[in-house]
Amino acid sequence: MTTPPDPADLRFPAESMLTEPVMGEQIPVDDEVTARPGKRRSNSQFRDIWLRYRRNKLAVVGLVVVILLIVTALLAPFITPYDPREQNLLNAIEPPSAEHWFGTDVLGRDLFSMLLYGLQLALLVGVLTMLGSLLIGVTMGAIAGYLGRAWDGVLMRITDIFLAFPYLIGALVIVRSLDPGRTKGVGPVIVALVILGWTTTARLMRGQVLALRESEYVEAARSIGASSTRIVVRHLLPNAIAPVLVYAFTSIGVAVVAMASLSFLGVGVSIDTPEWGQMISQGFRNFGVPNTSFLWVFPSIAIIITTLAFAFVSDGLRDSLDPKLR
Amino acid sequence: MVRAHDIDLDTSAPLLEVRDLRVHFVTDRGTVKAVDGVSWMVGEGETLAIVGESGSGKSVSAMTILGLIQSPPAVFPTGDIMLRGRSLMKMPEKQQRRLRGKEIAMIFQDPLTALNPVFRIGDQIAEMVRTHQKVSRAVARRRALDLLGEVGIPNPPVRLNQYPHEFSGGMRQRAMIAMALANDPQVLLADEPTTALDVTVQAQIMALLEKLQQDRNTAIVLITHDLGVVASHADRINVMYAGRIVETGSTDEIFYQPRHAYTFGLLSSLARMDHRRQERLTPIKGVPPSLANVPKGCPFHPRCRFATDECVAAVPPLEPVAGAGHLAACVHSDRVGMANDERLAL
Amino acid sequence: MGKFIVRRLAQAVLVIIAAMLLLFLALFTLGDPFATSGDKAVPPETQAALRAKFGLDKPVPVQFLVYLKNMFTGDLGIDFDQRRPVAEMLAAALPYTLRLAAVAIVLDILIGVVSGVIAAVWRYSFADVLVTILTTLAIGVPTFVIGLTLRKYLSGELFFPAVPRSAFGPEPFWLAEVLLPAITLAIVDAAFIARLMRGSMLEVMRADYIRTARAKGLSERKVIGKHVMRNSIIPVVTYVGIGIGVLLGGALITETIFQYQGVGYLLYKAILSNNNPVIMAVCAFAVIVFVLLSLLVDILYAFLDPRIRLS
């Protein structure tokens, strides 16, 4: 490959010498790839992934936006002087001004602050949902795919039942059942999204493992007496994980939209919480009032930016993690 | 509507002739010279084999003859393809299409992927018939039935209504052949027709092709990397390397008097059944060159055991060696000849 | 084939019953509808009396079986709010949802398939780039944002009747009423279909059998229209089928935004008023329709792809 070296490699020559043998370049590529594909990705593999990722301009933009969003969410208290929960009914539904950049909502809360704290919440829910689904889904999928038989049957039937629910319907039923007192916290929302999210991850993982289980390098590992755990952890997981990770990143955006949808329908978080769907729902209830579009337009834009950014990142990941998927 | 017989074909001209054909692909990494100045012809009832490693340009030549190479990215700097004296390359696409499948048909390497999985075998053959002949559905179907029988598929009435995945590999290739021969083409291009098949089935398929060729006097252009397939079935052989023909001659000439170092290398790496005692097989070292970056001079010189400075200086032209019609593009054809005599004497 | 259908049907019935049980537990046992207001607002004795009245004091399996039995006789219970039979409410909302789903699906397929085909056949052209950009945006923008925007800026007295319509006014022409919600739904789905169609066609166009079709001398129109289409439509059919399943179960968000009197809006209102029998009925309906549509898609898939039929 004739690409100029990554600045990072120039900065830490000692480190790359430690991890990469000097002769590394002379080993034919084929050996590395076909003989031990289950091996941990080396530094150069990460660099290849990054090089492929960089080719997708939108994905780079998405990554920059995602990083900006995370930084903004973390710094929210320092960015805005207002407490997003502080109500001021005398100053309700004020259009954008120098004091309140994005205006105030029906309770007189500063919309800009609410947006920032809404971002915090959205990212938190998105990431927790992703991690939860990933953890359960990958474990269950790997077990079902590798052990097969009864394990597989049970898992498939369970996922069948969960997949029988249209996403939003399933989510609202679960949230309601977990929150009979209607306290409308974030917990039930996250749990509901994980319950619905892990099934797809598990099925993806199972499919990957099923396909890889019969592959030659796994046979080879088995023939030299490697244990099941070792085969799954060292050989199957690293190779099966690519599409699963891609899906996981997509699911962050899905979770953000799902929470907003739930709140919009009055099932998600309570009106006290600064949350985008809740904010949009307020705007919707004041639809007839002239000049109140800012109530729902700003949070809508926030959702669009977030979902698009994550979608671009997962697109880029798909292309760079596994070129064959394209 | 223009049918194939409307197109003015000169029956006295050679059946299929390729003249100085060049097919280049312009890519980011430079120009890939897939075919770079190739000429040959094939007559009625004749079998011409084009032999070479993958990436030597043999499949691209065949696809070019059918007009299936997209341009761009492909360009054709020189050359022409003549069918009975008519230039295929200057012909408008619409006319070319009437010849495609009618006068020139093709069978492919992997009959599973080459047959459409969602259509019945019978329908796929009938479609070939109806594309080029004005006949009713029923007639086309009957023709498909006959063809299946002719290529040795048992129980054609049942097989007609089956899908490709219900056929075994050999049966699929028979169906593919039936489809290719549906319009009694004058030329049959066979691109690695047996490579994807079991060895026993390979022989059956080749025997079938030979029988059908005798019945119809079809010209066959047999494209393969497998000298073993070629030996018993080809009349003439073109050996290709890096987009060029490096040696051409009758099958006997190529097998018993190779004059190009590459041909010699190929034969030395082949196990010989007629041999009295065990010999060491000598593989050709190295890998075929990238077509975007063909070595200077004789493209084979980096892998050649006869190579000298002379080989790097210029591309050796195809020149007559012993025997009429036996040409080789090798500076050291004499030394190759002597080395070959030694090998045969063992 | 017959055996395959029977097996899948049995599977679907089991899945439906299991899903219904989950729904029932979630809505009536875990989410006890009479505990929601707290003991202060509704004294425990009253709660108990209400539970007894609605049969919620019996063991859960009995409750569930009674519910299933009643369901088969068309009795979905009485709603908590105005004591109307739930089945009637559902039946009243159903035609609206059917109309909306039908119009949305037609738009989906028209817009999605056509733009997907154009993008694939003229790959890298201006049209392709345009389709890619538009689909990316449409998929990235949540349904409720699209819906709100359309309702805010497009719905007027003239083109699309202003919603919500008055309960006492004259019934508006159904197509006029259905158009905006249908477009809202179609925007996202059509984008998905376009992408799926494009990707699927590009993949099929690389296949060996397409080269064979060209080698037969078929015209490009026939190669694309017959050989490529027939293969690349298979994943699209699957997606559309599942999509219909979701739509028939009520387009929750869209119907809510346009206050369109379908099943989805019924559910929304039921959620607001904690009307559990209605929630149960609509969710059960959505699940049943969704599972049956998935079953239909499986059968259709086997019909479209002969390779599936044997295994």
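# Exercises on a predicted three-chain model

Chain B contains 13 helices and 13 strands; helices (H or I, at least four residues) and strands (E, at least two) are DSSP runs, numbered from the N terminus. The model is predicted: local features need pLDDT of at least 70, side-chain atom pairs count only at pLDDT 80 or more, and totals for chains, interfaces and linings use all residues. Residues are numbered from 1 along each chain as its sequence is written, while chains are lettered from A and ligands numbered from 1 in the order in which they are written.

## Exercise 1. Chain B as a whole

Solution. 
- Step 1. Buried residues account for 45% of the 346 residues of chain B. A residue is buried if 20 or more other C-beta atoms lie within 10 Å of its own, exposed if 12 or fewer, and partly exposed in between, with C-beta atoms placed from the backbone.
- Step 2. Of the contacts in chain B between residues at least 6 apart in sequence, 66% join residues at least 24 apart. Two residues are in contact if their C-beta atoms, placed from the backbone, lie within 7 Å.

## Exercise 2. Helix α8 of chain B

Task: find which residues of α8(B) are buried, and state what covers them.

Solution. 
- Step 1. Helix α8 of chain B takes in residues 199-216, 18 residues, and reaches 26 Å from its first C-alpha to its last, close to the 26 Å expected at 1.5 Å a residue. The expected span is 1.5 Å times one less than the number of residues in the helix.
- Step 2. Ile205(B), Leu209(B) and Leu212(B) are the buried residues of α8(B). They lie on the same side of α8(B), because they cover an arc of only 70° around the axis; the arc is that of the directions from the helix axis to the C-beta atoms.
- Step 3. An α-helix has 3.6 residues a turn, so residues three or four places apart point the same way.
- Step 4. The cover over the buried residues of α8(B) includes α7 (169-180), β8 (187-191) and β9 (219-224) of chain B.
- Step 5. On the face of α8(B) turned away from its buried side are the exposed residues Val199(B), Thr200(B) and Gln214(B).
- Step 6. Asn217(B) follows α8(B) and has a positive phi, near 60°.

## Exercise 3. Surroundings of Ile121(B)

Task: is Ile121(B) buried or exposed, and with which residues is Ile121(B) in contact?

Solution. 
- Step 1. Ile121(B) is part of helix α4 of chain B.
- Step 2. With 27 other C-beta atoms within 10 Å, Ile121(B) is buried.
- Step 3. Leaving aside neighbours within four places in sequence, Ile121(B) is in contact with Arg159(B), Leu160(B), Gln162(B), Pro164(B), Phe167(B) and Ala175(B).
- Step 4. His165(B) is 44 residues from Ile121(B) along the chain, and their C-alpha atoms are separated by 9.8 Å.

## Exercise 4. Chain A and Arg222(A)

Solution. 
- Step 1. In chain A, residues 24 or more positions apart account for 70% of the contacts with a separation of 6 or more.
- Step 2. Arg222(A) is partly exposed, with 15 other C-beta atoms within 10 Å.
- Step 3. The C-alpha atoms of Arg222(A) and Ile303(A), 81 residues apart along the chain, are separated by 48 Å.

## Exercise 5. Contacts of chain C

Solution. 
- Step 1. The contact between chains A and C takes 32 residues from chain A and 35 residues from chain C. Elements of chain A that each supply at least two residues to its side include α7 (149-163), α11 (228-264) and α13 (294-321).
- Step 2. That side of chain A has 22 nonpolar, 7 polar and 3 charged residues. Here Ala, Val, Leu, Ile, Met, Phe, Trp, Tyr, Cys and Pro count as nonpolar, Asp, Glu, Lys and Arg as charged, and the others, Gly among them, as polar.
- Step 3. The contact between chains B and C takes 22 residues from chain B and 18 residues from chain C. On the side of chain B that touches chain C, α4(B) gives the largest share, 4 residues.
- Step 4. By class, this side of chain B has 10 nonpolar, 6 polar and 6 charged residues.
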